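Reader: Please take a close look at the aromatic side chains in this model, and then at the packing around them. I would like each geometric term stated with its cut-offs.

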Amino acid sequence: MRIGVYPGTFDPITLGHMDIIRRGAKLVDRLIIGVTTNIAKSPLFDDDERIAMVRAEVADIEGDIEVVGFNSLLMDFADAQGASVVVRGIRGVTDFEYEYQLTGMNRQLNARVETVFLMADVSLQPIASRLVKEIAIFGGDIHKFVTPAVEKAVVSRIAERGLRQGTG
């Protein structure tokens, strides 16, 4: 059985992530979405909320998909899951440069696990969770970037935390 891992913070999960999940699920027998915390980022949603959000969003996607939280090195997580493939989405050159370096480091840690890059759909390439949050904080419309359920959660969380910025 070929097991793949698609890691990310998914804060929030976007239509770009969903595209990579749908396509990645076709490449492996089982796709494990690893939801982690990036210590360099300050998340809008906590780990449990992000895991629940991702589970809800992938519930109807065809394939054997599981959502698991993790807080370790990616290669240790991949090993623990029995994965032989890491799936990564690439939006552009900047993503590639970062992912290329990360892949080289990961190969040094565990050469048994291959990394597969999927180019984001052209219509979804500009979408980034960081930008979705920023647009929402300034009152912009994010419906083109996330599902309705995620949009509602983001807008609600921003209001809850008093993060909404003025319009002028």
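Author: Phe 117 belongs to strand E5, which covers residues 114–119; helices (H or I, at least four residues) and strands (E, at least two) are DSSP runs, numbered from the N terminus. The model is a predicted one, in which local features need pLDDT of at least 70 and side-chain atom pairs count only at pLDDT 80 or more, while totals for chains, interfaces and linings use all residues. Residues are numbered from 1 along each chain as its sequence is written, and side-chain values use heavy atoms, with hydrogens and water left out.

With a relative accessible area of 30%, Phe 117 is partly exposed, a class that lies between buried (under 20%) and exposed (over 50%), with a 1.4 Å probe and protein chains only. Phe 117 also forms one aromatic cluster with Phe 96 and Tyr 100.

Rings of Phe, Tyr and Trp (its six-membered ring) pair if their centres lie within 6.5 Å, and planes under 30 degrees apart count as stacked, over 60 as edge-to-face and the rest as tilted. By this rule there are four aromatic pairs. One of them joins Tyr 6 and Phe 10 edge-to-face, at 5.4 Å centre to centre and with 75° between the planes. Tyr 6 counts as buried because its relative accessibility is 5%, and Phe 10 is likewise buried, at 1%. Phe 70 and Phe 77, by contrast, form a stacked pair, 4.0 Å centre to centre with 10° between the planes, and both of these residues are buried.

Arg 50 sits in helix H2, residues 47–58, and is buried, with a relative accessible area of 1%.

A nonpolar core is a set of buried Ala, Val, Leu, Ile, Met, Phe, Trp, Tyr and Cys residues joined through side-chain atoms within 4.5 Å. The largest such core has 32 residues, and Ile 21, Ile 33 and Val 58 have the most contacts inside it. Among the elements that each supply at least two residues of this core are helix H1 (15–25), strand E2 (30–35) and H2. Once neighbours within four places in sequence are set aside, Ile 33 touches Tyr 6 and Phe 10, along with residues including Ile 21, Val 54 and Val 58. Phe 70, of the stacked pair, belongs to a second, separate core of twelve residues that also includes Val 5, Ala 83 and Val 86.

Terms used:
Contact = heavy atoms within 4.5 Å.
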